Amino acid sequence: MFETTLMTALLVGLGFGILAIGALLALVAWLRRHHRAVPDAPALWRGRDYACPGCGAPMAPGWVMLGKGAIFSARSRGRPGLFAHIGTALPNTISMHVPPAANMAWHCAACRLLLLDHGKLVRD
Ligand SMILES: [Zn+2]
């Protein structure tokens with residue numbers, strides 16, 4: 001009796017473990033399909049000089065690493081809520097690479113404005 005219960009518990013635990021690993025692999029596959037990364041190249045920056053929309057000064061080009069992705073919500077829809085998740089992240093804002101890929105970005109330190117290109121991720 002005890003051995004049967006133990007065996008059942010082990011099989012249920014193993015089943016949940018396999019399901020969890022399967023769900024994780026499916027999530028990684030989905031993220032790879034929705035977030036592409038390209039190698040870094042000087043051509044990526046050509047013609048990409050932006051003026052700050054706040055003060056008009058040239059914005060500093062650089063990188064932003066977002067962690068779990070950028071979740072944007074239009075003002076008319078309200079702020080992202082408690083249930084916002086990586087599945088709602090903007091395309092190309094979650095890196096599955098080691099070292100992580102990053103988004104090209106332009107920053108104005110004076111105005112604290114950030115312009116982000118999420119057309120692609122860029123990796124080494
Ligand atoms: Zn500015």
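**Entry 1: one residue.** In which strand does Val64 lie? I looked it up and found Val64 in strand 2. I kept in mind that this is a predicted model.

Next I asked how many other C-beta atoms lie within 10 Å of Val64. The count is 17. A residue needs 20 or more to be buried and 12 or fewer to be exposed, so Val64 is partly exposed.

I then listed the contacts of Val64, leaving aside its neighbours within four places in sequence. The contacts are Ala102, Asn103, Ala105, Leu114 and Leu116. I also checked one distance: the C-alpha atoms of Val64 and Thr93 are separated by 9.4 Å. These two residues are 29 places apart along the chain.

**Entry 2: the elements.** From the N terminus on, the order is α-β-β-β-β. The radius of gyration is 21 Å, well over the 14 Å that the globule rule gives for 124 residues, so the chain is more spread out than a compact globule. I noted the span of the C-alpha trace along its principal axes as about 75 × 35 × 20 Å.

Buried residues make up 12% of the 124 residues. For contacts, I took those between residues at least 6 apart in sequence, and 65% of these join residues at least 24 apart.

Entry 3: Helix 1 covers residues 2–34, which is 33 residues. From its first C-alpha to its last it reaches 48 Å, close to the 48 Å expected at 1.5 Å a residue. How many of its 33 residues are buried? I found zero, and helix 1 is hardly covered. I wrote down a general point beside this: an α-helix has 3.6 residues a turn, so residues three or four places apart point the same way.

Entry 4: As a reminder to myself, strands of a sheet pair through backbone hydrogen bonds, either parallel or antiparallel.

I then took the pairs one at a time. Strand 2 and strand 3 (residues 102–108) are antiparallel, with five bridges. Two of the facing residues I noted here are Trp63, whose bridge partner is Met104, and Gly62, which stands opposite Ala105.

Strand 3 also pairs with strand 4 (residues 113–123), antiparallel and over six bridges. Here I noted His107 opposite Leu114. Is strand 3 enclosed or open? Five of its seven residues are buried, so strand 3 is largely enclosed by the rest of the structure.

**Entry 5: the loops.** I looked at the loop between strand 2 and strand 3, where I found Pro99. The peptide bond from Val98 to Pro99 is cis, with omega near -5°. Asn92 has its place in this loop between strand 2 and strand 3 too. Asn92 is not a glycine, yet its phi is positive, about 65°. Asn92 is buried, with 21 other C-beta atoms within 10 Å.

The other loop I checked lies between strand 3 and strand 4, and Arg112 is in it. These strands make a hairpin with four residues between them. Arg112 has a positive phi of about 55° although it is not a glycine. Is Arg112 buried or exposed? With 8 C-beta neighbours inside 10 Å, Arg112 counts as exposed.

**Entry 6: confidence.** Last, I looked up the pLDDT. The average over the protein chain is 90, and 99% of the residues score at least 70. Which element has the lowest mean pLDDT, and which the highest? Helix 1 has the lowest, at 82, and strand 3 the highest, at 97.

Notes: Residues are numbered from 1 along each chain as its sequence is written. This is a predicted model: local features need pLDDT of at least 70, side-chain atom pairs count only at pLDDT 80 or more; totals for chains, interfaces and linings use all residues. The radius of gyration is taken over C-alpha atoms; the globule rule is 2.2 Å times the number of residues to the power 0.38. Two residues are in contact if their C-beta atoms, placed from the backbone, lie within 7 Å. The expected span of a helix is 1.5 Å times one less than its number of residues. Two strands pair if DSSP finds at least two bridges between them. pLDDT is the predictor's confidence in each residue, from 0 to 100.
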